[in-house]
Amino acid sequence: MSSDSPAAADPRDTTPLSPLNVTDASVGIVVSDWNEEITAALLEGTVRRLKECGVCDEDIDIIHVPGAVELGFAARQLAIIKEPSAVIMLGCVIDDGTPNFRCICDVVARALNHLNLRHDIPFIDGVLMVDSREQALKISRGDLATQGSTCAETALKMVNMMSGLMTDS
């Protein structure tokens, strides 16, 4: 962890505009390569926002998986092996009008729930489940309000929340 990062935010400050800067957070990112144009934009927004908040390159681990179904397994392995402060799962599932869409969405949602209930770090949902490719592109390519940057902020808020709980005890 870098010692030249900005000062840590007060973890008890729950106001929406509270600082997200952190000094000791490490973040794992698992990104699906399915719908790569979209997931690459999500990844770029996530990494950009983490760096803006003071997370150093060496504190960001990124792994790629073939599709959304593999996100849960890879996120668990990343958490066990690298021991990050949080893991962000990025992917994109587009409704193709078949039952397969609902099945994949269900698998991803169950994996995320399972991980959050069984591990002591937060796993952040950055998987778009959308009706069309156009909808996914609009969400993934916006400005700082993109889903990727929102995932980064959520991860850091959860890290700060956990830090606050540990300091209060």
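Which residues are linked with Arg 49 in a network of salt bridges? I looked this up in a predicted model, where local features need pLDDT of at least 70, side-chain atom pairs count only at pLDDT 80 or more, and totals for chains, interfaces and linings use all residues. Residues are numbered from 1 along each chain as its sequence is written, and side-chain values use heavy atoms, with hydrogens and water left out.

**The network.** I find Glu 44, Arg 48, Arg 49, Glu 52 and Glu 153 linked. My salt bridge cut-off is a side-chain nitrogen of Lys or Arg within 4 Å of a carboxyl oxygen of Asp or Glu. The structure has eight such bridges.

**Inside H1.** Arg 48 and Glu 44 pair up at 2.9 Å, N to O. They sit four residues apart in helix H1 (residues 36–52), so about one helical turn separates them. I take helices as DSSP runs (H or I, at least four residues; strands are E, at least two), numbered from the N terminus. Glu 52 also bridges to Arg 49, at 3.1 Å, N to O; these two lie three residues apart in H1, about one turn of the helix.

**Across to H5.** Glu 153 meets Arg 49 too, with the closest N and O atoms 2.7 Å apart. This pair joins distant parts of the chain, Glu 153 in helix H5 and Arg 49 in helix H1, 104 residues apart.

**Exposure.** I call a residue buried under 20% relative accessible area, exposed over 50%, and partly exposed in between (1.4 Å probe, protein chains only). Arg 49 is buried at 19%, while Glu 153 is partly exposed at 21%. Glu 52 is partly exposed at 40%, and so is Glu 44 at 44%.
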